[in-house]
Amino acid sequence: MFVIIVITLVTLISLGVDTYVYRRWMSKRIKSPWLKAAYIGHVVVLYVLLLGTLLFYRRQSGTETSFVYLMMWMVFIFMLAVVPKTVWAVISFIDYPVEKRIGRHCNTFAYIGMVAGIAVGVLMIVGATYGRNAIAIKRIIIESDKLPKRFHRYKIVHIADLHIGTAPEGMVKEVVRLVNKQNADMVINSGDLINIQSRELTPELAISLGNIQVFDRVVMVLGNHDVGTYVFSDKNLTPRESYDELVGKVRGMGWYLLQNESFYIRRGNDSIGIAGLGFPREALHNGLRIDYIDCDIDKAMSGLSDKTFNIVAQHTPASWEEVLETGKADLALAGHVHSMQFKLRLGGWQWSPARFLYKHWSGLYEKGGKYLYVNDGLGCVMYPMRIGVRPEITIVELRKKH
């Protein structure tokens, strides 16, 4: 219902913008009836294609990843057609109060809006090409007096949200190359390895990911896209079968999959704890009954001591404060949000619409000497574009606080 409401609101707003554009500019500035008809025609075609894609989405086979990929690009084309016009409409509207004040016709802000709209369109195209392909390496240092001496400068590579089925071609091999370049002690993957179903992880991709080299282990937890949530009406692959198949493939790559479990990494007599959370059942949607997974924080943390330095791998950052209540989590690593693939930054300040949905949505958070890092992910969902949010690989270096 929420998705339907959002789609309806977006459609009504964009129709209003197109009506304003036509009445303010096309009907007065464009003399050719053919150009006017072409404008109306392109609007109709865009809405029919977009609404048709969204309406038929859930009726498609869960294995049709190519259809989802097409849908993502349709959403992008729709946004590319609507967002620059919306920018122009908002800015050009300023001409009306200016006209009342100066007592004559004014088009100054219409031209300013036109420049701004073109700039936004170019930015969106850059985000759909360079922005979603250019992987950024980010580095953070976590200091703690609980960290044993033998784990001083322990290096963890943190990745999340690869969404293999709709990732750019060559993304997986580039991720493996960059990860191996770090000579890490451990890799933690915070989930959403696939986008729709397990068969996206082909034997070739599994071999590539299995070639990640670390001193200790590659650890992974499952995200909402990994557990069959988006597998619809497919007689050849049920949500549970997709989930079971992915679990087998991940373990077959030599990765250590944690589902409400924990273990210790040891260096001589020193050790640190690693826990992994399942994805919370109540956070799932799409009308599917998924009863074979859940997030059990108490179970995941039960094998760890509050005396050791402990790291928690989780998909969604929403459960961090509940994890903190156990008193055993010194560092949590999450993903899921992607900063909604749009972020504005200025110095240390950053903003994204994700902040309206998530308390913790990007970067490093600290509370009472405990830390959460939310990785912006590597892949895309809904639309194949990243603006101000490049695909991210995070290097986490642990240091003993003296």
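1. The second largest pocket is lined by V21, W25, M26, Y39, P84, K85, W88, M114, G117 and I118. A pocket here is an open set of points on a 1 Å grid over the protein atoms alone, where a 1.4 Å probe fits, with protein on both sides within 12 Å along at least five of seven lines; lining residues have an atom within 4 Å of a point. The volume of this pocket is about 270 Å³, taken as the space filled by probe spheres set on the points, with grid points joined across faces, edges and corners. Helices α1, α3 and α5 each supply at least two residues of the lining; helices (H or I, at least four residues) and strands (E, at least two) are DSSP runs numbered from the N terminus.

2. The model is predicted: local features need pLDDT of at least 70, side-chain atom pairs count only at pLDDT 80 or more, and totals for chains, interfaces and linings use all residues. Residues are numbered from 1 along each chain as its sequence is written, and side-chain values use heavy atoms, with hydrogens and water left out.

3. The structure holds 13 aromatic pairs. Rings of Phe, Tyr and Trp (its six-membered ring) pair if their centres lie within 6.5 Å; planes under 30 degrees apart count as stacked, over 60 as edge-to-face and the rest as tilted. The pair of Y20 and F93 is tilted, because the ring centres are 6.2 Å apart and the planes stand at 50°. These two residues are 73 positions apart, with Y20 in helix α1 (residues 2-29) and F93 in the loop between α3 (65-92) and α4 (95-102). Y20 is buried, at 18% relative accessible area, whereas F93 is partly exposed at 49%; buried means under 20%, exposed over 50% and partly exposed in between (1.4 Å probe, protein chains only).

4. W25 and Y111 form an edge-to-face pair, since their ring centres are 5.8 Å apart and their planes meet at 90°. W25 belongs to helix α1 and Y111 to helix α5 (residues 108-128), so this pair ties together parts that are 86 residues apart in sequence. W25 is buried at 16% relative accessibility, while Y111 is partly exposed at 42%. W25 is also one of the residues that line the second largest pocket.

5. Ring pairs join Y20, W25, W88, F93, Y96 and Y111 into a cluster. R24 lies over the face of Y96, 5.2 Å from the ring centre. A charge is said to sit over a ring if NZ of Lys or CZ of Arg is within 6 Å of the ring centre and within 35 degrees of the ring normal. In another such arrangement, the charged end of R217 sits over the ring of Y256, at 4.1 Å from its centre.

6. N107 is placed in the loop between α4 and α5 and counts as buried, with 12% relative accessibility. Apart from neighbours within four places in sequence, N107 is in contact with R24, R29 and D95, contact meaning heavy atoms within 4.5 Å.

7. The largest nonpolar core has 38 residues, of which L162, L193, L201, L209, W255 and I393 touch the most other members. Such a core is a set of buried Ala, Val, Leu, Ile, Met, Phe, Trp, Tyr and Cys residues joined through side-chain atoms within 4.5 Å. Elements giving two or more residues to this core are β2 (154-159), α6 (171-181), α7 (203-210), β4 (218-220), α8 (239-252) and β14 (392-400). The largest share, 6 residues, comes from α6. A second, separate core of 24 residues includes F151, I265, F309 and L398.

8. M72, in helix α3, is buried at 2% relative accessibility. The C-alpha atoms of M72 and P384 are separated by 6.1 Å, although these residues are 312 residues apart along the chain. M382 lies in the loop between β13 (370-374) and β14 and is partly exposed, with a relative accessible area of 46%.

9. Two residues other than glycine have positive phi values. For N260 phi is near 60°; this residue lies in the loop between β5 (256-257) and β6 (261-267) and is buried at 10%. Q341 has a phi of about 60°; Q341 lies in the loop between β9 (331-334) and β10 (344-346) and is buried at 2%.
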